[in-house]
Protein chains: 2
Amino acid sequence: MEKEEGNSLKSAPQATTISRRELLKLAGIGGAGLLLGAAGMGGLWNKADKATGGALGTEPRNLASGDQIPFYGDHQAGITTPAQNHILFAAFDVTAAGADNVRELFKAWTAAAAEMAKGSMIGDKNEHANLPPSDTGEAAGLSPSKLTITFGAGPSLFDGRFGLSAKRPAALVDLPAFGGDELLEEWSGGDLAVQVNADDMQVAFHAIRNLARIARGKAVLRWTQEGFQRTGAADKAGATPRNLMGFKDGTANPDTSDQAEMERIVWADASDGAAWMAGGSYMIVRRIRIRVEVWDRSTLQDQEATFGRYRHSGAPLGGKDEFDAVELSRKDEQGEPIIPIRSHMALARGDGTNKILRRSFSYSSGMDHKTGQLDAGLLFVCFNRDSRKQFIPMQQKLGQSDLLNEYIVHTGSAIFACFPGVKEGGYIGETLL
Amino acid sequence: MEKEEGNSLKSAPQATTISRRELLKLAGIGGAGLLLGAAGMGGLWNKADKATGGALGTEPRNLASGDQIPFYGDHQAGITTPAQNHILFAAFDVTAAGADNVRELFKAWTAAAAEMAKGSMIGDKNEHANLPPSDTGEAAGLSPSKLTITFGAGPSLFDGRFGLSAKRPAALVDLPAFGGDELLEEWSGGDLAVQVNADDMQVAFHAIRNLARIARGKAVLRWTQEGFQRTGAADKAGATPRNLMGFKDGTANPDTSDQAEMERIVWADASDGAAWMAGGSYMIVRRIRIRVEVWDRSTLQDQEATFGRYRHSGAPLGGKDEFDAVELSRKDEQGEPIIPIRSHMALARGDGTNKILRRSFSYSSGMDHKTGQLDAGLLFVCFNRDSRKQFIPMQQKLGQSDLLNEYIVHTGSAIFACFPGVKEGGYIGETLL
């Protein structure tokens, strides 16, 4: 590293004059051996360094990790993808005028998202001493960690600013007011949605931070929310995760490997009215605070009646195993339904034909300094093909009657049209713009 | 499960009349086979169920996990323990009068903490239909996840309310004002500290939530902060973690396996003045917000000059490898120090004799709705034997001159005397009370 003497503030000198992309090209031509023999390579880095023992191979991308989920595909990742350990959800508002700016933003976001999904650094300006690095660096050395980034458009994107009013899908309705709503602006709405999921929180943070940075001048953060679920390492049995009320959550979720079921429940179709949404899905995000302290004072019997399931096994009341058939018509000796009709499960299930794909996470956001209580709960995320027929009627029933309402309050709400998947060379939202 | 018919709202009937402890006793006498043949076992559960296929073995505790860190020991866990993936730090204020109440709280906290460290449910009231469960349940089925819980006392505990004024250690000073402080009450101080760490965020949340619940009537939450670092799964090479500025953080940390070094740097000794703190340590917690957007606009050269290290390798400027010797006296051709004297590393290092044990985590707490910027940064945690000689002089230099101050702001601050370790049968704080 003798070359680094002389000016301590500069990075490796080569790197200030030759971009990473150029070096990678060279690597392809001259072979890795030549480059590894050259001085100044210490200044060149990407996330693959660790996996390759610090040496730059002929392959520019992260070589070692099996925890990579492709960004490109027929559908966006992060919808039917099995839920990762963490979520960082962000809503953005577009500040620039004109559809061209939105298109440019989407192209830049697509390129960055595809790089990050591979575990690569963003851009080719990471070793120029006199420039801000194009990647903020905190995920360097980390694997892709099953990173997925799911993009969507909120109703307000179609308000006329970008000439898109005519393209607003009928299914992208403004959500009606629901019972139990105490919505706050700071956790609601947004022109654009960016749902980031990863098994590593630092990887998830890196993604949102860099996407917000790339959006500078075109869009600004409107609200964000971190969330988690139990990790695979902690739950070696791979059981249905529990929510912060201690109950299993997601038992009745449809099988994401059943293509026909996903077509029926999740994926929008050209025949639904908005051709540009074919292969996309509608996402609803609700920030649901749990009144933890109230819940924790209620009896096990009340808790189980509230959910309609046993806390321990997750079985429907009167049943034995988590996946036992739900028999809402069963009565006890007094003629009362064994599963209370106002229980969360009974109402959400209804006659069993209306389904959504839930993909929720728990959240812990410090405490509410007004009350001294924990600000914790559920970042409810679901996907459906048509919210008018699926999420909305379900939530209307729940908002009106759910026994759970005594213990929760909905503090945030948003709906987005999540774009169809993108092929390499394309960009998110291209069917819209 | 026929016994559960008749009244759907009740849990397994046996469990409402026989406590878990009694059942475990029975299991020890009659053997598991007898019990497993009995009806109503579906209502009895603990975290070991999953590992044992749902059956209750003769061993009551979590049987399978290798990720357990003992709660009892000469020192508290969570100090020299290698940092887990997550932190949930909580400061409490004592609301009850009298040292007896504090003692009772500490005994209850000790029992619960020891249970949770083993991955067990708290208490024996988890299957009584007419009682609130003694464990809130969200960590059921999860492994111990390297859970550690570290308890400490803040200066305000010695203010006279509990007759402890004479026992306040001289080393438990009120921290002076430092340059760069913009401290807020909502992230500062506290009578008691509970540092929870785990590899799983749900396990960490469960711990704080249940300890807060147990404290009801005796102590209330004052402030909490979640934090994370990259997971072991994402960083298979086990490199020094990076902070959210993209730089490796902790390179110069002392070796926690070096007992003599830990005695010198971390563990308080009876000869230090407060005999009850022998084997304990003083913890400083600082919530340091990073001005992410400003940092991200600065050049790589400025960033590296700010830290005094290369971003990629973590090597000191002018050096090659992360662990190269730091030569602060080296000059470039113009006679300027290669490592700027106001760089974070140069100031924190000084002459290399003053050390602390850093145990920090990154945090992401949504966004600042006033500015639209990310509220993210570092939850700085360190331990030292005497803050007057170690942390305070170090932070005074940093607060005054650190180039990093342009990019960070200290928004929270607290100091605690973390108790010596506890032996089984004892309780945290017993040497004090």
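Modeller: Happy to! In helix α11 of chain B (residues 391-401), the buried residues are B:Phe391, B:Met394, B:Gln395 and B:Leu398. Here "buried" means that 20 or more other C-beta atoms lie within 10 Å of the residue's own, while 12 or fewer makes it exposed and anything in between partly exposed; C-beta atoms are placed from the backbone. These four lie on the same side of α11(B), because they cover an arc of only 90° around the axis, the arc being that of the directions from the helix axis to the C-beta atoms.

Before going on, a word on the source: this is a predicted model, in which local features need pLDDT of at least 70 and side-chain atom pairs count only at pLDDT 80 or more, whereas totals for chains, interfaces and linings use all residues. Residues are numbered from 1 along each chain as its sequence is written, and chains are lettered from A and ligands numbered from 1 in the order in which they are written. Helices (H or I, at least four residues) and strands (E, at least two) are DSSP runs, numbered from the N terminus.

What covers the buried residues of α11(B)? The cover includes β5 (281-290), α10 (344-349) and β8 (373-384) of chain B. Contact here means C-beta atoms, placed from the backbone, within 7 Å.

Let's follow β8(B), where 10 of the 12 residues are buried. β5(B) pairs with β8(B) in the antiparallel sense over eight bridges; strands count as paired if DSSP finds at least two bridges between them. Within this pairing, B:Leu378 of β8(B) is opposite B:Ile288. β7 (361-368) of chain B also runs antiparallel to β8(B), with six bridges, and B:Phe361 faces B:Leu379 in β8(B).

The contact between the chains takes 87 residues from chain B and 86 from chain A. On chain B's side, the elements that give two or more residues are α6 (201-214), β4 (219-228), α9 (300-307), β7 and β8. β4(B) has the largest share, seven residues.

Definitions and conventions
Contact = placed C-beta atoms within 7 Å.
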